[in-house]
Amino acid sequence: MDRRLGYAIAWVVCAVVAIAIGIAAVTTVGASVRGRGPLGDGGIERSTQGQGRYDPEVAVSPLPGAEVVRQTVREEFGELDVKCRGAVAYATDARPDRAAGWDVVSFEPGPDDDVDAVFSNAGRSIEFEVYCNRGRPELADYEENTLPADDD
């Protein structure tokens with residue numbers, strides 16, 4: 001009887017330790033696994049429709065009083081002006097370096113949890129995405145591609 005009680009207690013202790021390790025791992029590593037840092041201060045408010053149900057297609061808005069932080073991303077393709085209000089990102093202007101042959105292919109101004117732009121120059125394109133990490137603009141994704149040759 002004592003041996004069974006000992007096994008039961010050991011099993012419960014191991015289960016609690018395993019659950020604690022899992023929660024700690026998800027909390028600590030989860031944001032970086034998704035390619036995002038902690039969104040942190042400021043937060044996002046999403047409108048709800050119907051009976052308070054979440055709808056991802058509804059526009060986001062910053063929490064009242066969220067600080068505005070502006071930054072210009074400068075690269076070979078030109079410039080993109082981004083601002084953060086808390087965790088809400090806005091792209092306010094995209095200026096390609098036309099003298100070097102760059103043009104804007106697409107531009108998502110937000111507001112959203114991230115904004116992105118695609119610039120192209122002859123057979124190249126650069127796509128990047130910026131999100132707000134603790135209220136500050138941060139590069140989330142940068143992808144450079146070679147476009148296929150036109151066979152016209």
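**Close-up 1. Arg98 and Asp103 meet through their side chains in a salt bridge, with N and O 2.8 Å apart.** A salt bridge here is a side-chain nitrogen of Lys or Arg within 4 Å of a carboxyl oxygen of Asp or Glu. Arg98 is exposed at 57% relative accessible area, while Asp103 is partly exposed at 35%. For these labels, buried means under 20% relative accessible area, exposed over 50% and partly exposed in between, using a 1.4 Å probe and protein chains only. A friendly note on what you are looking at: this is a predicted model, where local features need pLDDT of at least 70 and side-chain atom pairs count only at pLDDT 80 or more, while totals for chains, interfaces and linings use all residues. Residues are numbered from 1 along each chain as its sequence is written, and side-chain values use heavy atoms, leaving out hydrogens and water.

**Close-up 2. Glu144 and Arg124 form a salt bridge whose closest N and O atoms are 2.5 Å apart.** This pair links distant parts of the chain, 20 residues apart: Glu144 belongs to strand E11 (residues 136-146) and Arg124 to strand E10 (residues 124-133). Strands (E, at least two residues) and helices (H or I, at least four) are DSSP runs numbered from the N terminus. Glu144 is partly exposed at 44% relative accessibility, and Arg124 is partly exposed too, at 26%.

**Close-up 3. Glu79 and Arg95 join side chains in a salt bridge, at 2.5 Å from N to O.** Glu79 sits in strand E6 (residues 78-85) and Arg95 in strand E7 (residues 88-96), so the bridge ties together parts 16 residues apart in sequence. Glu79 is partly exposed, with 23% relative accessible area, and Arg95 is partly exposed with 29%. In total, the structure holds 7 salt bridges.

**Close-up 4. Phe77, Trp102, Phe119 and Phe128 make up one aromatic cluster.** Rings of Phe, Tyr and Trp (its six-membered ring) pair if their centres lie within 6.5 Å; planes under 30 degrees apart are stacked, over 60 edge-to-face and the rest tilted. By this rule there are 4 aromatic pairs. Phe77 and Trp102 are edge-to-face, with ring centres 6.4 Å apart and planes at 70°. Both of these residues, Phe77 and Trp102, are buried. Phe119 and Phe128 are stacked, at 6.2 Å centre to centre and 5° between planes. Phe119 is buried at 0% relative accessibility, as is Phe128 at 1%.
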